[in-house]
Amino acid sequence: MSTLAPGAVPGGGIVGRYRELDALRAWLDAARDGAGRLVLCVGEPGIGKTRLAQELAGVALAGGTTVAWGRCVEAEGAPAFWPWRQVLRSLGADPDVVLGGDVESPEDRFRVFDAVAEAVRGVADTNSVAVILDDIHWGDEPSLLVLRHLADRTAGARLLVFTAFRDVGPAGVLRRVLPDLLRSPAVERLELRGFGLDEVREQLSRTAVGESVVGARAVLDLTGGNPLFVREVARAIADGTWQPDRPPRTVLDAVAARLDRVSVDCRRLVQAAGIVGRDFSLVLVAGALDEPVAWCLPPVDEAIAYGLLDRVGDTGNYRFVHALTRDAVEASLTTADRAALHRAVAEAIEARFAGDLSDHLPDIARHWASLAPYGEAVTARAWAIRAAADAVRRLAYEQGVRLYQAALALDASSLPDVERCRLLVALGRAAYFAGDLRGCVNAAVEAAGAARAAQSPELAGEAALVLEAAPTSGVNAVAEQLCEQALADLGDNDHEGLRARLLAQRSHLAFYDGDQDRVASLSVAALELARASCDDHALADALRARQEALPGPAGRAERLLLATEMLALARRTNGARAAMWGELWRIDALIESGQLAAAAEELPALRVAVSRVGGPVSVWHLDRVTACVAQAQGRYATAAAAGRRGYDRMRVVEPAPATGAFAALQCALAHHIGVNDEVTALARRPFDPPPRFTTMAWLSRAFLLLCAGLPDEAMASYQQAGPLEMWSLPAFFVLPGYVYGALAAARLGRHDDLTVLLDRLEQFRGEHATGNGVAYMGPTELTLGRGAAVLGRLDLAVEDLAVAADQADRAGAPGYVAEARYHLAATLLTRDSPGDHDRATAAARDADRLARALGMAAYTDRTAALLAQLDNKGRLAVPLSPRETQVAGLVAEGLTNRQIATRLVLSERTAQNHVQHILTKLGFTTRSQIAAWHVHAQLSRPMSHSADAQTVADS
């Protein structure tokens, strides 16, 4: 090459940037040792970002590190995920395989993000990798989202990711992604500034001109130390275009002056290349100029000699030395010449890649869009639509939105209503996939208006289906209105499949509104229509709506039938997603019915379906039910690992369901194995659940805080749920919600609430508490028995706890067997009827054996304390400290915490802590149990003097 990149010097080396290079070498060394880094290198155009990246590449290659480049292009014609396609090719991966996939839900492309990250990390596991992404300020949003996804996986990899970009305005795509990138634990920011006087002097001294014409101070003042501008000034001095009386004001001025000195053929070639883009192939430029490739060779050599172009290896491809150079070349064209070249380049691309245009559709659309003002709007729209559909197919939703919007804007007044409606429907779906709910709503409303103008009820139905039910009430209100209008326009005759899908959508909306009666009636109607229509798409939608309408034990039998029907649909259509839903429904129903072994046997089939669907959302479903089954079966380490794995996958996609499911699992685990600092932090962390899940969130948080030994915070969370009559629980979470509420109310002394909740739980006798496959809380009788014991209904408590132990045993839930038998033993000791002591001893020993075998840390201390109360003669021992024994006696007297504090000259908080410690040690939940225990403890002690007798009498 005859040209030099900004900051480069003849014979190799780079001027300045020594501090930056030292930092890059250190980060590269750390990455080779498994401490990956993401470097964000920012600076103005021409500051030397690319040159620094080239130097890094050289250092990396010299040390045996694999280097993969990905360059974003300034034009809007790049194919989806363009920089990552380049990176994947460099690493030996097939981009079409890694980036392939079908669109069925907005989360589908997270499968692609995972695939790219795994492909890069897979190579890095074998050999350290440096990924260099240049000019990411021009990157499309999907490509930047891939970078954000990879950033979270860089810290523990043998991977250095170097990104170069200009500072961007507040509206730029990069500006929206940057905050997340900066939060990455592996991020390093590198800001490049202009050269100082010594560096300018060094760069000039290494050129042929040195400071013979213009001094370094003058060049610094003129250029601001921008390395590219310094180089262009040096070249202008060398080639004679320097005019002391009219020095160039910008890089563009310097390039324009040089362009005037080249030959006509050279100017013609670089101008055509400027329309193609910064990177171009000689074959394509030759095609646009209608010249043989051989004709291009002398002009391209001339352009290289004049510092306009660089070769890109021996590939026959070239690039402008800088984006500003290409800008200057394009600016030199007249309007007519520019339009003629856009047409020529578009036609040349179409002819050159006629066999497969998929990678070139956005570029062709860009060129035709430039011709739209000159009578080519129809052609430009057609190419924009093709490119938009291809972008959505490739999961580049934001690019699809932009291209559909461009198509709609082209000669909009002449666009027929039918075509406008179809374009708006496509735009709305792309916006939905991109997570742009406002854009989706606007497109759906406009599409419905266009459908009415076209008098097409069928199109109105398609417009209504653009919006999907969501936790956002404002969106749902619009979706409901569009559905109702579309159903009214369609009537009761044709379009059974479309009407079924609209009714299913209306059912989902009613579910989010909490109108379960409407959900039931609408889902029945949707399913009847779908079955009659023989429309598989409609049947899948209707089955999901009907499944949603059948919460809890009452709907379980029909849910199992729906699961069977969905699995049959999956086999008929080879539908992976239908298979996944069918398996999930079956497993959820089996867990709910207490058939844990059968549920575990279904997991391999679910794993197969999930592997076919791919992506983090489907894998999260597998992780959550795997964790739930393991937790129910007492395999706590497996449950914790699966739950953590799923949470880490899902929280970057959908934080609310990820956090809700993870918190529910932690509640169930903490109940048996206790809490650690992370779980305590989770319980205390601010969380804004979707409106329908607010009550459930506060109740489960109160329960988790109690497990963490934080009764004051638990009480505050419980009170946030509001009065019991105002509780609003999603239909699938009514039973577990009542269980959380009852257990929290018992521990917090809310006996009135507990009485009401136990009455509500009566209808669920014989059932198992589980919330849609996220956590298992044991047989209902377990909560009924524990609650009855707290309220002093000891005979009922004994009966229910014995039944609960048997139910848990049949279900294969040994942790809940241990829990039930522990509380049975404690209640029997409190009741102290004939034969209770022997039954209590047997139950306590069984509970202790199971708790220790399963590692139930939350119960082993309790069971040990319970057994310690039973000596060989059946007398009770005292497992408390002297102060705790004293406090227990005062509790037995009926004193409040404040009164105990006054009697013992303590703070009220210290008295409360003593009471809480007594409850924990003895495994009790109420003060009345402490009082009863204290009486038994005193009665069982040998009385050696009169004081002991008086104590017992007082008790």
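Helices α1 and α2 are oblique to each other, a class that holds what remains once angles under 35 degrees (roughly parallel), over 145 (roughly antiparallel) and 65 to 115 (roughly perpendicular) are set aside. The model is predicted, so that local features need pLDDT of at least 70 and side-chain atom pairs count only at pLDDT 80 or more, whereas totals for chains, interfaces and linings use all residues. Residues are numbered from 1 along each chain as its sequence is written, and side-chain values use heavy atoms, with hydrogens and water left out.

Helix α1 covers residues 18-32 and helix α2 residues 49-62; they pack at an angle of about 40°, their axes 11 Å apart. Helices here are DSSP runs (H or I, at least four residues) and strands likewise (E, at least two), numbered from the N terminus. Axes are lines fitted to C-alpha atoms, for helices over the stretch in contact, with angles from 0 to 180 degrees between N-to-C directions. The crossing of α1 and α2 is right-handed, that is, the near helix is turned clockwise from the far one by less than a right angle, anticlockwise being left-handed. Contact (heavy atoms within 4.5 Å) involves E20, L21, L24, R25, L28 and R32 of α1 with L52, E55, L56, V59 and A60 of α2. Seven of these residues are nonpolar, none polar and four charged; Ala, Val, Leu, Ile, Met, Phe, Trp, Tyr, Cys and Pro count as nonpolar, Asp, Glu, Lys and Arg as charged, and the others, Gly among them, as polar.

A157 lies in the loop between α6 (141-151) and β4 (159-165). At 0% relative accessibility, A157 counts as buried, the term for under 20% relative accessible area, with exposed over 50% and partly exposed in between (1.4 Å probe, protein chains only). Beyond residues up to four places away in sequence, A157 touches A31, G34, A35, G36 and R121.

Helix α34 (residues 694-707) has 14 residues, of which eleven are buried. Among the elements covering those buried residues are α32 (655-673), α33 (677-684) and β10 (776-779). Just after α34, G709 takes a positive phi of about 75°.
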